[in-house]
Amino acid sequence: MLELNFSNMMSEVIGEKGISEKQVEALKDKVAKAHDGISTRKWNELAFIDLIKQDTSEIKKIADDIKRESESFLLLGIGGSALGPKTILEALSPMHNLKKTPKVFIYDNVDPTTLDNIMSVIDLEKTTVNVVTKSGSTAETMASFMILYEKLKGHAERFVATTDPEKGPLRKIASEKGFRTLSIPPAVGGRYSVLSPVGLLLAEVIGVSADELLQGAKEMHDRCLEPELWKNPAYMFGTLLYLMDVEEKRNINVMVPYSDRLKPLSEWFCQLWAESLGKLGMGSTPYPSLGTTDQHSQLQLWMEGPEDKVIVFIKIDDYGVDIKIPEVFKDTPIGYLGGHSLSELINAEEESTELCLAKTGRPNMTLKVPVIDAYHLGQLFYLFELATAFAGFLYGVNPFNQPSVEEGKNFTYGMMGREGFESKKAEVEQARQKKVCWRL
Ligand code: PA5
């Protein structure tokens, strides 16, 4: 089981810059309302909770076919339709393409260089293209899909569409052309969809058990049914970041996993937290980081810079492998390292960084992960999703929409000539006029 240690967030441990038990207790009514909102599904989009009990047989069947028939698996998607799969790939099959087939590529941008590079190293005839988009219409994903569709000369059997069961242009095209399809439940939004076929198909394709991911999520779910804040890790995680933001003006949270494999997890979390809560002038800013690497890049700022941050460490108990540092150069200043191991060193660095921050009253908390596997990754996904939804209740914002992202999409549609978006094109052209005055 994961453990959330938030001692270094509390004033009893780090002094006046911490949060007092009284501050936490004062939120009791809000917490009770949030718990009620979650239990009674105040928002339909809380349907991500139901993913833990989904039937994975169709996902497994399609994954088996892909493994049999493909050398490469190319996922096209963006935002919530790509960051989750990326996290699963990196965490559970690091350096995948150097070790295993099918090789996996995730194209989540419209940078022509990247797609050109991908297409230059894969044999398209032996590639399965998984088009992942909840709306079925996102410009970036649709553009790359159209390119691949033409390159594959319409070979329907090479495509798997993961999209809404009924709505959206991709669903219609998939039915007409006869693509294999997987459905994202209608009420599950992009950034809460990693445990749907969005992430689970890729998991099975790379040999990771979808059921284990769901089992981990289910156990975290069961733990988080607890209404009492002090016993509920998701509620406590959300509450602490919320209190640090609104009461202590620490409106930046930095997620620092001490594992290369979990770097994409912090990027996935950043999208989840930012897009869900950054509304109505509220929300704290998440930024992804990496231990120990960023101790040599960011730590100075965290220690002595503005008092506006909370650091969230992710510590790994067991890396699954370890490498001993040989006892060489004994009579030199580096001799002390010999005989220890890399996991000892990385854990010592994590603990030291926690302590340095705590000593100067800089709040931080630590999520302890026993081992990086599907079960514990499932727990992490669920913990962060529930904590974010819960924080939405505390902030009083809808954590499931993204109105401002939609506006950007609409301007792009206008510029690219989509019918019905002519006024958006006119707005862009007008704005261009204003941008001509100050240029160097
Ligand atoms: O969380 C969200 O809803 C967004 O980040 C979407 O995932 C992103 O915009 C991509 O949308 P879609 O899956 O509809 O292509």
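Two strands count as paired if DSSP finds at least two bridges between them. I use strand for a DSSP run of E with at least two residues and helix for a run of H or I with at least four residues, both numbered from the N terminus.

**Entry 1: ground rules**

I am looking at a predicted model, where local features need pLDDT of at least 70, side-chain atom pairs count only at pLDDT 80 or more, and totals for chains, interfaces and linings use all residues. Residues are numbered from 1 along each chain as its sequence is written, and side-chain values use heavy atoms, with hydrogens and water left out.

**Entry 2: the parallel sheet**

I began with an open sheet of 5 strands, and I read their order as β3-β2-β4-β5-β6, with parallel pairing. The edges belong to β3 and β6, which have a single partner strand each, so one side of each has no neighbour in the sheet. On average, I find neighbouring strands of this sheet turned by 15 degrees against each other, direction ignored. (Axes are lines fitted to C-alpha atoms, for helices over the stretch in contact, and angles run from 0 to 180 degrees between N-to-C directions.)

Next I went through the pairs. β2 and β3 run parallel and are joined by 5 bridges; here I found L75 opposite I106 of β3. β2 is also joined to β4 by 5 bridges, again parallel, and S72 has T127 of β4 as its bridge partner. Between β4 and β5 I noted 5 bridges in the parallel sense, with V129 standing opposite F159 of β5.

**Entry 3: strand β4**

How many residues of β4 are buried? I noted 7 of the 7, so β4 is largely enclosed by the rest of the structure. Buried means under 20% relative accessible area, exposed means over 50%, and partly exposed is in between (1.4 Å probe, protein chains only).

I then sorted β4 by face. One side holds T127, V129, V131 and T133, the other T128, N130 and V132, and all of them are buried. A reminder to myself: side chains in a regular strand alternate between the two faces of the sheet.

**Entry 4: helix α8**

Which residues of α8 are buried? I listed T141, M142, S144, F145 and L148. Down the helix axis they fall within an arc of 165 degrees, so they line one face of α8; the arc is that of the directions from the axis to the C-beta atoms. On the face turned away from the buried side I found the exposed residues M146 and E150.

The buried residues of α8 pack against several elements, including β2 (72–76), β3 (103–107), α7 (112–121) and α9 (169–177). Contact here means heavy atoms within 4.5 Å. Just after the helix, I noticed that K153 takes a positive phi of about 50 degrees.

**Entry 5: the mixed sheet**

I also found an open sheet of 5 strands in the order β1-β10-β9-β7-β8, with mixed pairing. Its edge strands are β1 (3–5) and β8 (285–288), each pairing on one side only. From one strand to the next, the twist averages 20 degrees.

Inside this sheet, β9 (residues 309–318) and β10 (residues 364–371) pair in the parallel sense over 7 bridges, and I316 stands opposite V369 of β10. I saw α15 (residues 342–359) lying across β9 and β10, at about 155 degrees to β9. α16 (residues 374–395) lies across β7 (252–257), β9 and β10, at about 150 degrees to β10.

Beyond its neighbours within four places in sequence, L229 is in contact with V24, V31, Y235, M236 and T239.

Last, I looked up G190, in the loop between β6 (180–183) and α10 (197–205). G190 is at 26% relative accessibility, so I put it down as partly exposed.
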